[in-house]
Amino acid sequence: MSKAFTKEDGGGDEGLTPARPRSTSAEQRYITPEGYRALQEELLDLQGPATGDWPELEAGVRKRERERRARELTAILEDVRVVVPEPSQAGRVFFGAWVVLEDEDGARMRYRIVGPDEADVKAGRLSVESPLARALLGKEAGEAVQVERPRGTVEYEILAVEYAESEAATAAP
C-alpha cells in the first residue's frame with residue numbers, strides 16, 4: 001500500500017481541521033451585513049440541539065461535522081470585516097452592489113457582489129474575488145466589461161447598479 005494512504009502520526013481529530021485557513025491581516029476578507037447575519041444564524045443553529053433520529057455511528061459523525069462547521073464559522077466571523085455600502089457609491093459597482101447584466105446573446109442575469117464566505121452563484125451572490133466581479137468593480141450602468149472564461153472571452157453590458165435589493169429586483173427581467 002502506498003504511504004499516501006496511511007496515517008503515520010497516529011493521533012488527532014481524524015482530519016477535523018478547518019476547511020479554510022485563517023487569513024493574515026494582509027488578506028482581509030469582507031462580508032455584507034446580511035451575509036454576516038446569515039453566518040451568525042447558522043452558527044447558532046449548529047450550537048443548538050441536533051435534530052433527527054440517527055443510528056449511533058451516524059450521529060457521532062454528524063456531531064463531529066457540526067462541531068467542525070461551528071469552529072469554521074467562528075473563525076470566519078472573527079476574521080471578516082462587515083462592509084456597509086456608502087451613499088457616495090450609488091451608480092457604480094462596488095462591494096455589496098446588485099448588478100443587472102446582459103451578455104452577448106441577450107441573456108440577463110442579476111448578481112450581488114459579496115465576500116467569498118457568502119458567495120453562491122446559483123443564489124445570485126458573486127464573490128468579489130471572481131473574474132467577473134473584479135471586471136465589474138468601479139464600472140457603472142451603460143459600460144461593458146470583458147471576462148476571460150474557459151470557453152473564450154465573454155462581454156457583458158451593465159444595465160443597472162443598485163444597493164437596495166428591492167430596487168435591483170425591479171430592474172431585473
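Two strands are said to pair if DSSP finds at least two bridges between them. Helices (H or I, at least four residues) and strands (E, at least two) are themselves DSSP runs, numbered from the N terminus.

The structure shown is a predicted model, in which local features need pLDDT of at least 70 and side-chain atom pairs count only at pLDDT 80 or more, while totals for chains, interfaces and linings use all residues. Residues are numbered from 1 along each chain as its sequence is written, and side-chain values use heavy atoms, with hydrogens and water left out.

**Overall fold**

The protein chain contains 4 helices and 7 strands. Read from the N terminus, the order of its elements is β-α-α-β-β-β-β-α-β-β-α. The chain has 173 residues, and 34% of them count as buried. Here, buried means under 20% relative accessible area, exposed means over 50%, and partly exposed lies in between (1.4 Å probe, protein chains only).

**Strands**

Strand S6 (residues 144–149) and strand S7 (residues 152–162) run antiparallel and are joined by 6 bridges. A hairpin of 2 residues leads from S6 to S7. Within this pairing, glutamine 146 has glutamate 155 in S7 as its bridge partner.

Serine 127 belongs to strand S5 (residues 125–127). With a relative accessible area of 14%, serine 127 is buried.

**Salt bridges**

A salt bridge is a side-chain nitrogen of Lys or Arg within 4 Å of a carboxyl oxygen of Asp or Glu. By this rule, the model has 10 salt bridges. Three of them are listed below.

| Glutamate 34 | Arginine 112 | 3.1 Å |

The salt bridge between glutamate 34 and arginine 112 ties together parts that are 78 residues apart in sequence, because glutamate 34 lies in helix H1 (residues 33–47) and arginine 112 in strand S4. Glutamate 34 is partly exposed at 39% relative accessibility, whereas arginine 112 is buried at 8%.

The other two listed pairs lie in helix H2. Glutamate 65 and arginine 68 are 3 residues apart in helix H2 (residues 56–79), so they are separated by about one helical turn. Glutamate 72 and arginine 68 are 4 residues apart in that helix, and they too are separated by about one helical turn. Glutamate 65 is partly exposed, with a relative accessible area of 39%. Arginine 68 counts as buried at 14%, and glutamate 72 counts as buried at 11%. Through shared partners, salt bridges join Glu42, Glu65, Arg68, Arg69 and Glu72 into one network.

**A charged surface patch**

Glu104, Asp105, Glu155 and Glu157 form a negative surface patch. Patches are made of residues with over 30% relative accessible area and no salt bridge, and like charges are joined within 9 Å. Asp and Glu count as negative, and the place of a charge is taken as CG of Asp or CD of Glu. Accessible areas come from the Shrake-Rupley method with a 1.4 Å probe.

Glutamate 104 is exposed, with a relative accessible area of 55%. Another member, glutamate 155, is the bridge partner of glutamine 146 described above.

Terms used: Patches are made of residues with over 30% relative accessible area and no salt bridge: like charges are joined within 9 Å, nonpolar side chains (Val, Leu, Ile, Met, Phe, Trp, Tyr) within 5 Å.
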